[in-house]
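This report goes through one structure, from single residues to the contacts between its chains. The sequence and the model come first, and the text follows.

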Amino acid sequence: MRHPLIFVTDFGRDDTYAAALIGAAWAVDPQARCVDGTHGVPPGNVLAGAYHLKALALAFEPPVVFCAVVDPGVGTARRAIAIETDGVVCVAPDNGLISYLWEETPAGLRRAVELEIPEQASTTFHGRDVFAPVAAQLASGSSLDDAGVPIDDPIVLSEAFAQRSAGRLSGRVAVVDHFGNAITIIRDVDLAGSPVLRAGWSGGETSVSVATYDQIGDGLAVLIGSAGHLEIAARGVASATLGGPSLGDAVTVDLP
Amino acid sequence: MRHPLIFVTDFGRDDTYAAALIGAAWAVDPQARCVDGTHGVPPGNVLAGAYHLKALALAFEPPVVFCAVVDPGVGTARRAIAIETDGVVCVAPDNGLISYLWEETPAGLRRAVELEIPEQASTTFHGRDVFAPVAAQLASGSSLDDAGVPIDDPIVLSEAFAQRSAGRLSGRVAVVDHFGNAITIIRDVDLAGSPVLRAGWSGGETSVSVATYDQIGDGLAVLIGSAGHLEIAARGVASATLGGPSLGDAVTVDLP
Amino acid sequence: MRHPLIFVTDFGRDDTYAAALIGAAWAVDPQARCVDGTHGVPPGNVLAGAYHLKALALAFEPPVVFCAVVDPGVGTARRAIAIETDGVVCVAPDNGLISYLWEETPAGLRRAVELEIPEQASTTFHGRDVFAPVAAQLASGSSLDDAGVPIDDPIVLSEAFAQRSAGRLSGRVAVVDHFGNAITIIRDVDLAGSPVLRAGWSGGETSVSVATYDQIGDGLAVLIGSAGHLEIAARGVASATLGGPSLGDAVTVDLP
């Protein structure tokens with residue numbers, strides 16, 4: 001059976017760009033098992049796309065293939081790549097979208113190739129003309145080795161990982177989700193078991209740390225979300241309505 | 001062939017929570033036939049979710065399996081349940097989501113079980129860890145009897161059903177749809193063939209009753225929508241722009 | 001294998017109307033291969049629906065079947081039709097939705113039939129009761145000849161095609177996409193290889209013409225998008241934020 005072929009883009013769903021990826025995949029393999037992972041990445045926001053790719057890789061059992069298209073550099077000289085990380089394949093522009101997939105996989109279990117960009121590809125829609133066709137081939141079982149030339153330096157976003165200084169972790173909000181939870185780049189592995197004494201951002205802070213949304217009281221709290229990232233949340237309302245941070249805002253976490 | 005497995009949630013579509021349900025279902029049965037029923041239930045709005053479940057049960061031929069996740073109580077002691085109503089199976093938190101499915105099925109044709117919540121389930125995402133896996137098993141043909149322990153008292157929302165007093169029916173707006181139609185909990189069976197003399201709400205009313213959207217004139221009108229519920233509608237614009245009621249507003253209907 | 005069955009509607013995705021089309025298709029053929037082309041056509045906007053149908057027909061290899069429902073006239077005397085244009089089948093209300101599919105296909109390669117509207121069809125939801133069932137039959141291989149009575153005059157929107165006067169093309173904005181690009185009805189075939197000297201609209205203009213989004217500088221530019229239509233775009237922001245035209249606005253293009 002084919003591997004699932006999961007799309008992650010900033011295309012939204014109100015145009016036809018998302019469905020056009022399915023058309024391009026089916027032109028290669030009419031039985032490709034296409035899934036809309038999300039098309040809700042904020043336009044051009046590579047960091048948010050990287051987070052969503054990580055969350056989906058946790059949600060599907062490998063082998064799976066992702067086709068990730070958040071591509072503000074389409075038509076320029078940026079590379080097109082495909083990576084494999086322990087059973088998870090991802091085809092994407094080389095702009096940092098694979099940051100979490102790549103960095104969180106041991107070096108011996110990951111590899112990358114640079115894709116050739118066909119001469120007849122449009123200059124405006126590489127999702128359709130480059131990424132989806134290659135992803136469909138990989139999802140139907142073809143090898144990463146046949147997809148391109150090996151590389152060892154896919155771009156990884158430094159801003160996707162927390163900075164540690166004394167007892168403080170520094171990061172930012174990568175995603176504000178549908179419920180208004182502000183999901184940061186700071187991870188449970190960064191905390192390494194330490195409790196959070198205080199999370200702060202421009203104009204706000206909280207010292208409340210909980211395990212479930214229901215335990216949040218009237219104010220803001222931090223908890224570890226379903227993908228292992230620290231988020232600032234409120235109960236039943238968007239955290240921003242109580243002064244929580246916005247997308248992209250810097251967040252610091254004080255540890256004991 | 002598998003039964004369709006239809007998701008109804010308040011997750012929105014811009015994150016990865018909706019696709020994560022497919023991942024969890026495919027972990028149980030890689031050939032599960034997943035359908036996005038809707039992920040547009042307003043966050044935490046159980047009544048709207050109950051209405052959408054009813055509408056979808058009318059739209060698909062049984063047997064079908066629903067996985068419904070509008071779950072503000074996730075992580076608390078609320079039960080997880082599965083019900084079967086005349087060929088329609090629904091897995092959901094026990095908070096009233098199944099109100100219409102349950103109440104509109106004769107007692108002899110419905111049954112319910114309480115699901116066991118696995119110890120390793122997260123405290124924040126029972127959709128992925130509890131509901132989707134059970135729904136996938138049921139959609140692949142396993143029996144409700146094997147899913148849990150029989151119960152006979154799933155929670156039914158009293159607010160989902162109209163109150164009758166003399167010649168007046170009282171209810172509320174359950175859903176405002178994409179076209180701005182205000183769909184109430186008042187049903188054609190509640191009217192029992194009576195014409196509507198007047199529908200009223202805080203700050204507005206209409207005495208116009210029509211059969212099709214095209215028959216609506218310049219003002220507001222009531223009609224029976226495709227799921228058998230009375231709605232307040234305008235032609236070509238959202239009813240609210242002409243003073244129609246908002247989500248959750250009380251609505252009364254006067255009968256002869 | 002079944003042909004893909006692709007839905008194009010103005011239903012949005014937050015209700016259950018979109019999924020109800022899948023239910024209606026599966027009632028006819030449980031193995032129908034349903035695809036959400038887009039449900040983001042602005043409510044009642046037939047011209048935008050016609051553009052999206054064209055874009056999707058370019059994105060999928062024929063044979064494919066479209067079920068298009070942008071249907072402000074539902075319940076009135078408007079005809080229901082199905083057309084076939086060189087391997088692309090489309091079932092739709094006869095209101096101009098098929099304008100580009102029809103007009104851009106040579107006369108010898110296109111045909112149309114009028115569908116019978118079943119007596120038991122609702123007056124509010126022909127997508128479910130008329131269009132989706134017929135589309136499912138056609139996608140499973142049944143012939144257009146069996147779907148209805150031949151006609152030769154499906155409605156084509158004159159506003160979907162540019163007017164030429166001396167060195168000027170006149171049209172309008174058909175779609176503003178998720179990235180804020182204002183896509184017009186003016187096509188590369190209308191330009192016939194001529195460069196664009198100037199594009200103008202009420203309150204704005206640009207003389208910059210580019211091939212890729214990345215080549216756009218700080219202001220507005222025109223380029224030919226992935227479906228062959230001229231669009232007014234900005235780099236990294238919606239064109240409207242820099243004074244670009246809005247949905248429906250008149251646009252003129254001056255040629256040498």
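Ala166(B) counts as exposed, at 75% relative accessibility; exposed means over 50% relative accessible area, buried under 20%, and partly exposed in between (1.4 Å probe, protein chains only). Ala166(B) sits in the loop between β8 (163-165) and β9 (168-176) of chain B, where helices (H or I, at least four residues) and strands (E, at least two) are DSSP runs, numbered from the N terminus. Its phi is near 50°, a positive value in a residue other than glycine.

This is a predicted model, in which local features need pLDDT of at least 70 and side-chain atom pairs count only at pLDDT 80 or more, while totals for chains, interfaces and linings use all residues. Residues are numbered from 1 along each chain as its sequence is written, chains are lettered from A and ligands numbered from 1 in the order in which they are written, and side-chain values use heavy atoms, with hydrogens and water left out.

**Backbone features in loops**

Asp86(B) also has a positive phi in a residue other than glycine, near 55°. Asp86(B) is placed in the loop between β4 (80-85) and β5 (88-93) of chain B.

A cis peptide bond, with omega about 0°, joins Pro62(A) and Pro63(A). Pro63(A) belongs to the loop between α2 (46-59) and β3 (64-69) of chain A. In chain B, the peptide bond from Pro62(B) to Pro63(B) is cis, with omega near 0°, and Pro63(B) lies in the loop between α2 (46-59) and β3 (64-69) of that chain.

**How the copies are related**

Two copies of a chain are related by a rotation about an axis and a shift along it. Here a rotation of 120° with 0.0 Å of shift along its axis superposes chain A on chain B, with an RMSD of 0.0 Å; the superposition is by least squares on the C-alpha atoms of residues with pLDDT of at least 70 in both copies. The two copies are thus related as by a three-fold rotation axis. In chain A, the C-alpha nearest the axis is that of Arg13(A), 5.1 Å from it.

For chain A and chain C, the superposition likewise takes a rotation of 120° and 0.0 Å of shift along the axis, with an RMSD of 0.0 Å. The copies use different surfaces, and 4% of the contact residues of chain A recur in chain C. Contact means heavy atoms within 4.5 Å. Between chain A and chain B, only 4% of the interface residues of chain A are also interface residues in chain B, so the copies meet through different surfaces.

The table gives the values for each pair. Buried area is the accessible area (1.4 Å probe) that two parts lose on being put together, summed over both. A salt bridge is a side-chain nitrogen of Lys or Arg within 4 Å of a carboxyl oxygen of Asp or Glu. A polar contact is a pair of N or O atoms within 3.5 Å; within protein, one must be able to donate a hydrogen and the other to accept it, and residues adjacent in sequence count only if both atoms are side-chain atoms.

| Chains | Residues in contact | Buried area | Salt bridges | Polar contacts (both at pLDDT 80 or more) |
|---|---|---|---|---|
| chain A and chain B | 28 residues of chain A, 26 residues of chain B | about 2200 Å² | 0 salt bridges | 7 residue pairs |
| chain A and chain C | 24 residues of chain A, 27 residues of chain C | about 2200 Å² | 0 salt bridges | 7 residue pairs |

Carbon and sulfur atoms give 61% of the area buried between chain A and chain B. Of the area that chain A buries there, His178(A), Phe179(A) and Ser226(A) supply 24%, more than any other three residues. The elements giving two or more residues to this side of chain A are β2 (33-38), α2 and β9 (168-176). β2(A) gives the most, with 5 residues. By type, the side of chain A that touches chain B divides into 15 nonpolar, 7 polar and 6 charged residues. Ala, Val, Leu, Ile, Met, Phe, Trp, Tyr, Cys and Pro count as nonpolar, Asp, Glu, Lys and Arg as charged, and the others, Gly among them, as polar.

Between chain A and chain C, carbon and sulfur atoms give 61% of the buried area. Helix α1 (residues 17-28) of chain A provides the largest share of the side that touches chain C, 8 residues. That side holds 12 nonpolar, 7 polar and 5 charged residues.

**Asp15(A) at the contact with chain C**

Asp15(A) is found in the loop between β1 (4-9) and α1 of chain A. Asp15(A) is buried, with a relative accessible area of 5%. Leaving aside neighbours within four places in sequence, Asp15(A) is in contact with Gly37(C), Thr38(C), His52(C), Val175(C), Val176(C), Asp177(C) and His178(C). The side chain of Asp15(A) reaches the backbone nitrogen of His178(C) at 2.8 Å.
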